[in-house]
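User: Hi! Could you walk me through this model?
Analyst: Happy to, here it is.

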Amino acid sequence: MQLYNTLSAKEREQLIEEAGKDRLTISFYKYAHIGNPEILRNHLFIAWNEMDVLGRIYVAYEGVNAQLSVPAENFETFKTHLDSITFLENVRLNIAVEQDNKSFLKLKVKVRNKIVADGLNDDTFDVTDKGVHVGAERFNELIEDPDTVLVDMRNHYESEIGHFKNAVTPDVDTFRDSLDIIEEDLKEHKEDKKLVMYCTGGIRCEKASAYYKHKGFKNVFQLEGGIIEYTRQVKAEGLENKFLGKNFVFDHRRGERISEDVISSCHQCGKPCDTHVNCANEACHLLFIQCEDCAKAMDNCCSTECQDVHALPYEEQKRLRKGKHASNKIFKKGRSEVLKYKK
Ligand SMILES: [Zn+2]
Ligand SMILES: [Zn+2]
């Protein structure tokens, strides 16, 4: 029985091109108690491999998190199969707005400790004991309530370019850090305030809501499906949009515009701008906000130092990077001394 990929990404790309068939990019997650992740992993791989599903899937004792590319013609079979797995019956599928037939070139189903890297080592609480899920309409009402504290569960570089009106946006690099900050800020209000949370697609605040319930918060709510699903519902149902600016996304687009407001500034000159870029010096790769004028003046770099390196012949740059090849993998998102206008 085949349990792993046998084709390389290149071979797969060629097959997709030859087949010329449409594929759907889909994501879903579900927290649940999985007795044996390895067995579920093999079951999913065998079934999905047969349907020509590609993607990156994490299976853990705490649930499943999947980003997939499914041939459009196999979508019904895929859905029926999901529904046959008790805890995945009717799971909400996020279907990407912009389709890309080559979003994934392999099927990788991996057993992990966690379905998202959340830095939480607290196994004493039940992740399936989550807060109340609310849709866009109820969310809009809730966030106007004076007893509501609205919290953005994302990191600083995400909320910087877009967030809900009146949201608390912790200045944090990790999810773990915001959990502590919020708990400290609200420790006197565990019973009288409504704690309403949101994130990009819902997976982070689902865990946060279970965590806060465990910590004694009585009224915990989360925006179901996150900003992505909120935006879809606002458009479909003609609701008022209360999200300002751009939604940061983790693919090459980096941000989806939700409202015309530009709420952030170019980190180099301070003028209104909400375009994230990575420093063109590969050894740096810093994520920051840069306007078109600065991009031109700085050769797409974050600093004159990086500009100097970037101007060297490629071989020379490679030589300089030697021995420091992990440098652009270092967690270095949007923070640097060189960014004058970073808040
Ligand atoms: Zn600028
Ligand atoms: Zn740089």
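Analyst: A term to start with: contact means heavy atoms within 4.5 Å. This is a predicted model, in which local features need pLDDT of at least 70 and side-chain atom pairs count only at pLDDT 80 or more, while totals for chains, interfaces and linings use all residues. Residues are numbered from 1 along each chain as its sequence is written, chains are lettered from A and ligands numbered from 1 in the order in which they are written, and side-chain values use heavy atoms, with hydrogens and water left out.

User: Thanks! Which domains does the assignment give?
Analyst: Domain 1 (9–111), domain 2 (132–237) and domain 3 (276–331); such bounds come from an automatic or database domain assignment.

User: How many residues of domain 2 are in contact with domain 3?
Analyst: Four, and they touch four residues of domain 3. The centres of domain 2 and domain 3, taken over C-alpha atoms, are 35 Å apart.

User: And what area is buried between domain 2 and domain 3?
Analyst: About 360 Å², with 77% of it from carbon and sulfur atoms. Buried area here is the accessible area (1.4 Å probe) that two parts lose on being put together, summed over both. On the domain 2 side, Tyr157, Ile161 and Asp173 lose the most area to domain 3, together 82% of what that side buries.

User: Switching to metals: what coordinates the zinc ion (ligand 2)?
Analyst: Cys279, Cys284, Cys302 and Cys306, each through SG, at 2.3 to 2.4 Å. Donors are N, O and S atoms within 2.8 Å of the metal (3.2 Å for Na, K and Ca); water is not among the atoms, so sites may look incomplete. Along the chain, the donors of ligand 2 follow C-x4-C-x17-C-x3-C.

User: Why is the arrangement around ligand 2 tetrahedral?
Analyst: Because its four donor atoms subtend angles of 107 to 116 degrees, and four donors count as tetrahedral if all angles lie between 85 and 135 degrees.

User: Is Cys279 buried or exposed?
Analyst: Buried, because its relative accessibility is 3%; the cut-off is under 20% relative accessible area (1.4 Å probe, protein chains only). Cys284 is buried too, at 8%.

User: Which donors does the zinc ion (ligand 1) have?
Analyst: Cys266, Cys269, Cys291 and Cys294, through their SG atoms, 2.3 Å from the ion. The ligand 1 site is tetrahedral, with angles of 103 to 116 degrees.

Terms used: Tetrahedral: all angles 85-135°; square planar, octahedral: opposite > 155°, others 65-115°. Buried < 20%, exposed > 50% of the residue type's maximum accessible area, 1.4 Å probe, protein only.
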